[in-house]
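Have the viewer ready while you go through it.

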Amino acid sequence: MAKEKGRKLIAQNKKARHDYQILDTYEAGMVLSGTEVKSLRQGRASLVDGFVQLDGHEAWLHNVHVPEYSQGTWTNHSARRKRKLLLHRVEIDKLEAKSQETGHTIVPLALYFKDGRAKVEIALARGKKEYDKRQTLREKQDRREAERTISAIRRKQRA
């Protein structure tokens, strides 16, 4: 069997980028059981309610839904169990120090396979206020309109 290369996205948390201001991102491995890996290879997972909790110099991923493997037997995993994240000690210490500050949290952004190994991209984030969310949407809309007008002008110049 050929070894996998590259990055294959399984799940993404787009709402996290809307609800939080991303300050720093980290890539972490996960401790998984066999049926979890098989279920992830089928492309089934959800990061919607997920968060990371630091406990005794260890990072744990909570509330990430990996459905049970359809061909699994009594060895199947529970869908929302907490999973240990594999990070370097220095990274855990940085995250622990920063997450103690008011308004900071650690959220999962993406779940993917990188060279055949399951990885999760986590981010140190600060919650946005409602007016920040509206302003971000407005900026995105303004950028899109500007690009449309520029492309329309270029189309007229070519014709």
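This is a predicted model: local features need pLDDT of at least 70, side-chain atom pairs count only at pLDDT 80 or more; totals for chains, interfaces and linings use all residues.

Residues are numbered from 1 along each chain as its sequence is written, and side-chain values use heavy atoms, with hydrogens and water left out.

**Overall picture**

The protein has 4 helices and 7 strands; helices (H or I, at least four residues) and strands (E, at least two) are DSSP runs, numbered from the N terminus. Their order from the N terminus is β-α-β-α-β-β-β-α-β-β-α. The radius of gyration, taken over C-alpha atoms, is 20 Å, while a compact globule of 159 residues would have one near 15 Å (the globule rule is 2.2 Å times the number of residues to the power 0.38). Along the principal axes, the C-alpha atoms fill a box of roughly 65 × 45 × 25 Å.

Of the 159 residues, 31% count as buried; buried means under 20% relative accessible area, exposed over 50%, and partly exposed in between, with a 1.4 Å probe and protein chains only. Contact means heavy atoms within 4.5 Å. Among contacts between residues at least 6 apart in sequence, 68% join residues at least 24 apart.

**Helix 2**

Helix 2 covers residues 34-41, and its buried residues are Thr35, Glu36, Ser39 and Leu40. Down the helix axis these buried residues fall within an arc of 140 degrees, so they line one face of helix 2; the arc is that of the directions from the helix axis to the C-beta atoms. Their cover includes strand 1 (7-12), strand 2 (20-30), strand 5 (83-86), strand 6 (104-114) and strand 7 (117-127). Just after helix 2 comes Gly43, with a positive phi of about 80 degrees.

**Two histidines**

His62 lies in strand 4 (residues 59-62), whereas His57 sits in the loop between strand 3 (51-54) and strand 4. The table gives their accessibility.

| Residue | Relative accessibility | Class |
|---|---|---|
| His62 | 14% | buried |
| His57 | 41% | partly exposed |

Setting aside neighbours within four places in sequence, His62 is in contact with Asp49, Gly50, Phe51, Gln53 and Lys82. With residues up to four places away likewise not counted, His57 touches Arg89, Ile92, Asp93 and Glu96. His57 and Leu87 are 30 residues apart in sequence, and their C-alpha atoms are 10.0 Å apart in space.
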